[in-house]
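Colleague: I am new to this one. Could you walk me through it?

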Amino acid sequence: MNPILKRTVSYFRPYWKLILLSALCSSVVGGMDGAFAYLVEPVLKKIFAGKDTGIFLLVPIGIIALFVIRGITRFTYDVSIKLAGQKVIQDIRNEVYASTVRMDMAFFNRRSSGELMSHATNDINAMQDGVASVVCGLFRDLLSACSLLGVIFYRNWQLAIFTFVVIPLTAYPAQLIGKKIKNASGRSLNIMGGITAILQETFSGIKVIKAFGLEPLATKRFQSANLEYFSQYRRFIKYESLAMPVSETIISFGIAGVVFFGGSQVISGHMTASEFFSFITAMVMVFNPIKKLQGAYNALQRSAGAAERVFKLLDEHRGIVDRPGAVDMGRSSGAVTFREVSFSYSETPTLQDINLSAESNQMVALVGPSGGGKSTLVSLLLRFHDVSSGSICIDGHDIRDLTLASLVSQIALVDQETTLFHASIASNILYGRPDAALDEVVAAARAAFAHDFIMQLPDGYDTSIGDRGVRLSGGQRQRICIARALLKNAPILILDEATSALDTESEQMVQQALDNLMINRTTFVIAHRLSTVLHADRIVVLDGGRVVENGTHDDLLNNSGLYSRLHSLQFTDRDAPGEVCEP
Ligand SMILES: Nc1ncnc2c1ncn2[C@@H]1O[C@H](COP(=O)(O)OP(=O)(O)O)[C@@H](O)[C@H]1O
Ligand SMILES: [Mg+2]
């Protein structure tokens, strides 16, 4: 069996009871088609030969009874198989989400979020169509085709053989067309991913689009992506629409031949007229399930392309996982050592020979020109990426020997992005430690100077914030993020330009909140405003991926190196009170 099909089928295993029920009912439906075609012969014989008037009353009643039973079984069959199909799709979608969200950062760096969204929506929808049409049609159509074929052969096997020389002739063109559909559709869905990416970019960057008057340009870009999608889809429409007429035309030759051959057998007395009618009824009826089976085949081809992409995503190798025997270190003291650390995203090294240590509860500042590698350095501590060489230790444990869960529990991150989720404020803070009590949430919010403004919101802590928290200012959002980090209460804290996006006034509030957060934690502060790091235990200057200076503020000023140059730049550039960097 095709491996993709096999894998899809394996998802149905938990729902075997539903499948069994639908199989039972569909065998009733399928068997009835055969019974109907079979009964044509005795009924006609009685009517023609005996002029039996009693049968006139029985036939309509029989027809109604047949269709009532058929209706009930068909309903049961449809509902159970569609439910099973939906449950399978639900399982696959959950699995795709769970496995995607666990991927390492390198995975997310390689892909646009639009592409990932397209897998979780478009591709799974395409799979759903395939699963629905295939599993819904397959049993019933297969069984009714079999029962009807039985009648056909029973009535006249020579005529049957003649007929089925014709049918395989339709299979080959249908298969060919099915393959073309698969190719064309695979591409159109890939381009749909491009469209989703543009949409996503547009809505998250709508401010810039408006401010720069980019609407016409963005519209043009979208239109050309859409046009490309259309031209791919046009091929797909052509092939899909071609499949039916081609096979039907081929079938018509067969029907003509069968009518001619059968009719001459009746005339020569080899077959009765009622047998011939029963044969023709079965033959006319059998093309319906066979055509549907062909349609299911095409739908299967189409969803196979989508399933292939979904399974490829599920099989994606996760680079950063727990090592066998990885340990849970409990709560560390927060002593961090970088030893001879080098790292590169591509061929050119991003960080080289970094040696750096922070003792428990120390504050280490990372400063230097942008692109120097500061964010990359702290991301290595979280194992967003693994070092290319060298090692990073927490309390003497190499972080690659810890379980990821244990590592992540040591560290809280507050960065420039102020990421809030579409949920209440309380839930957003609770993401720091989901099992915390509500009074701990409030205490964290107080320490983050967020409590007062939260209480002024319409529903207090239950106020729901939109997906980008539009109703809050940057400083308010950041203080919620700080409350979240406070609640997590991790021994190591990373502040990556946490106040850079804020205005001076909210920066002061946020800085106070951060000062609370830093108490009794080892803190790595990345800041481009040197005024915020004057009191650091150690200041590390990174430039071009190397540590160029390392010491206290006073040491570095005396060095008259890069730090003192940056310092004097900021001192002379800024004359606003409160921004002056001199102690
Ligand atoms: N995800 C990434 N993929 C490839 N290169 C990256 C990535 N992130 C950062 N870089 C590159 O690594 C270098 C250091 O970046 P970064 O650590 O963000 O510096 P900083 O935080 O000091 O401004 C830059 O040259 C940047 O272009
Ligand atoms: Mg940075």
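**A hairpin, a sheet and a ligand shell**

Modeller: This is a predicted model. Start at the hairpin of β11 and β12, with 2 residues between the strands. There, G544 takes a positive phi near 55°.

Colleague: Which residue of β12 is the bridge partner of V541?

Modeller: Strand β11 covers residues 538-543 and β12 covers residues 546-551. The two run antiparallel, joined by 5 bridges. V541 has its bridge partner in β12, and that partner is E549.

Colleague: Which are the edge strands of the open sheet?

Modeller: The sheet has 6 strands, in the order β6-β9-β10-β3-β11-β12, with mixed pairing. An edge strand here pairs on one side only. That gives β6 (411-415) and β12.

Colleague: Which residue in β11 is the bridge partner of A365?

Modeller: Strand β3 (residues 363-367) and β11 run parallel. Between them there are 4 bridges. The bridge partner of A365 in β11 is I539.

Colleague: Which helix gives the most to the shell around ligand 1?

Modeller: Residues around ligand 1 include N109, Y345, K374, S375 and T376. By class, the shell has 1 nonpolar, 8 polar and 1 charged residues. The top contributor, with 3 residues, spans 374-381: helix α10.

Colleague: Is R221 buried, exposed or partly exposed?

Modeller: R221 lies in helix α8 (residues 215-267). It has 14 other C-beta atoms within 10 Å. Buried needs 20 or more, and exposed needs 12 or fewer. The count of 14 falls in between, so R221 is partly exposed.

Notes
Residues are numbered from 1 along each chain as its sequence is written. Chains are lettered from A and ligands numbered from 1 in the order in which they are written. This is a predicted model: local features need pLDDT of at least 70, side-chain atom pairs count only at pLDDT 80 or more; totals for chains, interfaces and linings use all residues. A residue is near a molecule or strand if its C-beta atom, placed from the backbone, lies within 6 Å of it. Ala, Val, Leu, Ile, Met, Phe, Trp, Tyr, Cys and Pro count as nonpolar, Asp, Glu, Lys and Arg as charged, and the others, Gly among them, as polar. Two strands pair if DSSP finds at least two bridges between them.
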